[in-house]
Amino acid sequence: ASPRAAAGRHTNRREDAMTMRPAARLACLVVCFLTLPGCAAIQLSSTYTPPAPSLQETPPLEVDKSLDSVWIQLIRGLATSPFDIVTMDRQTGFVSATCMGDPEEYVDGGTLSYVVMLGTSVLRSYMYPATKADTAWTETYLGSTCRAERQVYLDGKVNIVLQDAGPHRTRVTVNVRYTLTINEHSQQPGGEPSTSQEVISFTTGQPGQSRSGTIFRSTRRWEDAIAALVR
């Protein structure tokens with residue numbers, strides 16, 4: 001072949017490369033994104049804001065009523081409340097009851113925040129209370145997926161003690177044992193789905209803590225509800 005013909009073939013190949021169809025160029029970028037370690041990929045970062053420190057322990061409630069009248073008022077009030085009486089002993093002034101409820105209402109666990117990133121750009125952010133009963137979200141970008149599902153359940157056991165505090169005066173002590181059950185299903189970018197369950201227990205005035213460091217404290221709404229029955 002003549003030098004002129006060879007030069008023509010070289011020029012044609014260069015022009016073909018420069019005029020590559022946009023779809024073909026996009027396909028090359030997708031392959032790069034999914035396969036080459038130097039290419040950008042979605043990443044997941046998280047932060048946690050703990051609940052505010054709890055107030056000083058509230059002293060037992062004292063009401064200006066006789067022990068007998070407070071006992072009758074308490075039992076009647078519990079019978080028409082969301083609390084279910086388990087045991088009661090008039091001689092010792094002891095009552096135990098159980099309850100269930102929305103964990104976000106009765107427990108403060110701070111705030112969980114998740115950010116899905118592509119390089120330095122934020123694709124999506126999620127923020128919700130750590131005691132929110134149900135949360136679920138999914139982010140998929142060019143075949144890479146972040147997914148999270150979380151369910152939180154709350155059970156409570158209430159111990160109430162009535163004591164004679166003087167003429168026509170009764171001391172009421174309330175202690176609640178909180179039990180949170182947390183089920184989580186998640187998938188990190190490029191990883192396999194995972195499932196976990198954790199049970200966390202704590203009592204009135206004492207914080208609980210998960211394996212990941214999430215702190216849980218009573219909002220005292222159950223304790224206040226019991227106090228309201230005897231006032």
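Residues are numbered from 1 along each chain as its sequence is written, and side-chain values use heavy atoms, without hydrogens or water. Because the model is predicted, local features need pLDDT of at least 70 and side-chain atom pairs pLDDT 80 or more, while totals for chains, interfaces and linings use all residues.

**Exercise 1. Work out in which order the strands of the open sheet run, and which stand at its edges.**

Step 1. Helices (H or I, at least four residues) and strands (E, at least two) are DSSP runs, numbered from the N terminus. The protein chain has 5 helices and 13 strands.

Step 2. Two strands pair if DSSP finds at least two bridges between them. The open sheet holds 3 strands, ordered S1-S6-S7, with antiparallel pairing.

Step 3. S1 (42–49) and S7 (121–129) each have a single partner strand, so they stand at the edges, with one side of each lacking a neighbour in the sheet.

Step 4. Look at S6 (residues 111–118) against S7: this antiparallel pairing runs over 8 bridges. Leu118 has Ser121, in S7, as its bridge partner.

**Exercise 2. Classify the ring pairs Tyr114–Tyr128 and Tyr178–Phe202.**

Step 1. Rings of Phe, Tyr and Trp (its six-membered ring) pair if their centres lie within 6.5 Å; planes under 30 degrees apart count as stacked, over 60 as edge-to-face and the rest as tilted. This rule gives 6 aromatic pairs.

Step 2. For Tyr114 and Tyr128, the centres are 6.1 Å apart and the planes at 25°, so the pair is stacked. Tyr114 sits in S6 and Tyr128 in S7, so the pair ties together parts 14 residues apart in sequence.

Step 3. For Tyr178 and Phe202, the centres are 5.2 Å apart and the planes at 5°, so this pair is stacked. Tyr178 lies in S10 and Phe202 in S11 (residues 194–203), so parts 24 residues apart in sequence are tied together.

Step 4. Check burial (buried is under 20% relative accessible area, exposed over 50%, partly exposed in between; 1.4 Å probe, protein chains only). Tyr178 is buried at 0%, and Phe202 is buried at 3%.

Step 5. Ring pairs link Tyr178 and Phe202 with Tyr106 and Trp222 into a cluster.

**Exercise 3. Are His168 and Arg220 buried, partly exposed or exposed?**

Step 1. His168, not a glycine, has a positive phi of about 55°. His168 lies in the loop between S9 (144–166) and S10 (169–187). Its relative accessibility is 61%, so His168 is exposed.

Step 2. Arg220, not a glycine, has a positive phi of about 70°. Arg220 lies in the loop between S13 (215–218) and H5 (221–230). At 24% relative accessibility, Arg220 is partly exposed.
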